[in-house]
Amino acid sequence: MKKTEREKYYVAAENILREDFLNYSLKNPLNNDGALQPPKGQKTMIYIKSKSGGKKVQFVFDPEKRIMIGRDKFNSNIYINEAFVSQQHCCIFSVGDEIYLQDLNSENGTKLNRGLLKRYTLFDGQCIRLRSNDSIIIGFNKFKITLFYFDMALM
């Protein structure tokens, strides 16, 4: 099916904004300990990337809006069509300036890798604070997390 002209320019605009978010994040990294203290006029955002079936997938989200991950095609922000993934598997959300990952009572748990040595498995509604460079493993999918500040004056 051929994309309409309108669909093409909306996709192009989305790509430009995504590129701007990423470039800005490289210039404005978070503290090494993952502490979030955005400067005045800036908002904490989350960039999630993954390789799925040889295809690179990238997302930019505002963590103030709950990010749902699961097998529910209609109610998930990140949809994963795998038997090991629950309908509503986990979510990412913010409390103040801190970003959290919460397992939503999934059958197989939600795994988080932090560096080379720290590995966590969340079950039954457990939460953990996310940091840049964390990796979330859900089923056979690995999602790399980058937290960054976005200058609201650019809007």
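Which residues does Ile48 touch, not counting residues up to four places away in sequence? In this predicted model, Ile48 touches Val57, Gln58, Phe59, Phe61, Ile78, Ile92, Phe143, Lys144 and Ile145. Ile48 is also among the residues with the most contacts inside the largest nonpolar core.

**Nonpolar cores**

- The largest nonpolar core has 22 residues.
- Ile46, Ile48, Ile92, Leu101 and Ile136 have the most contacts inside this core.
- At least two residues of the core come from each of β1 (42-52), β2 (55-61), β3 (67-70), β5 (90-95), β6, β10 and β11 (141-151).
- β11 gives the largest share, three residues.
- In soluble globular proteins, nonpolar side chains tend to be buried together.

**The open sheet**

- Five strands form an open sheet with mixed pairing. Their order is β4-β3-β5-β6-β9.
- β4 (78-79) and β9 are the edge strands, and each pairs on one side only.
- β3 and β4 run parallel and are joined by two bridges. Gly70 stands opposite Tyr79 in β4.
- β3 and β5 run antiparallel, with three bridges between them. Ile67 has Ile92 in β5 as its bridge partner.
- β5 and β6 are antiparallel too, and they pair over six bridges. Cys91 has Gln102 in β6 as its bridge partner.
- The hairpin of β5 and β6 has two residues between the strands. Gly96 takes a positive phi near 65° in this hairpin.

**Salt bridges**

- The whole structure holds three salt bridges.
- Arg114 and Asp134 form one of them, with the closest N and O atoms 2.7 Å apart. Arg114 lies in strand β7 (residues 110-114) and Asp134 in the loop between β9 and β10 (135-138), so this pair ties together parts that are 20 residues apart in sequence. Both Arg114 and Asp134 are buried.
- Asp62 and Lys65 meet through their side chains in a salt bridge (3.4 Å, N to O). Asp62 has a relative accessible area of 16%, so it counts as buried. Lys65 is at 57% relative accessibility and therefore counts as exposed.
- Arg129 and Glu98 form a salt bridge (3.8 Å, N to O). Arg129 is in strand β9 (residues 127-129) and Glu98 in strand β6 (residues 98-103), so the pair ties together parts that are 31 residues apart in sequence. Arg129 is partly exposed, at 25% relative accessibility. Glu98 is partly exposed as well, with a relative accessible area of 30%.

**Aromatic rings**

- A search of the whole structure gives three aromatic pairs.
- One of these is the stacked pair of Phe59 and Phe61, at 5.7 Å centre to centre with 15° between the planes. Both residues are buried.
- Phe84 and Phe140 have ring centres 5.3 Å apart and planes at 85°, so this pair is edge-to-face.
- The pair of Phe84 and Phe140 links distant parts of the chain, 56 residues apart. Phe84 is in the loop between β4 and β5, and Phe140 is in the loop between β10 and β11.
- Phe84 is partly exposed, with a relative accessible area of 44%. Phe140 is exposed, with a relative accessible area of 67%.
- A charged residue also sits over a ring: Arg66 lies over the face of Phe93, at 4.9 Å from the ring centre.

**Positive phi outside glycine**

- Asn105 is not a glycine, yet it has a positive phi of about 60°. Asn105 is in the loop between β6 and β7. At 53% relative accessibility, Asn105 is exposed.
- Asp124 also has a positive phi, near 50°, and is a residue other than glycine. The loop between β8 (118-122) and β9 holds Asp124. Asp124 is exposed, at 61% relative accessibility.

Terms used:
Residues numbered from 1 in each chain as written. Predicted model: local features only at pLDDT ≥ 70, side-chain atom pairs only at ≥ 80, totals over all residues. Heavy atoms only, no water. Salt bridge = Lys/Arg side-chain N within 4 Å of Asp/Glu carboxyl O. Buried < 20%, exposed > 50% of the residue type's maximum accessible area, 1.4 Å probe, protein only. Helix = DSSP H or I, 4+ residues; strand = E, 2+ residues; numbered from the N terminus. Core = buried A, V, L, I, M, F, W, Y, C linked by side-chain atoms within 4.5 Å. Contact = heavy atoms within 4.5 Å. Pairing = 2+ DSSP bridges. Phe/Tyr/Trp six-rings, centres within 6.5 Å; stacked < 30°, edge-to-face > 60°. Lys NZ or Arg CZ within 6 Å of the ring centre and 35° of its normal.
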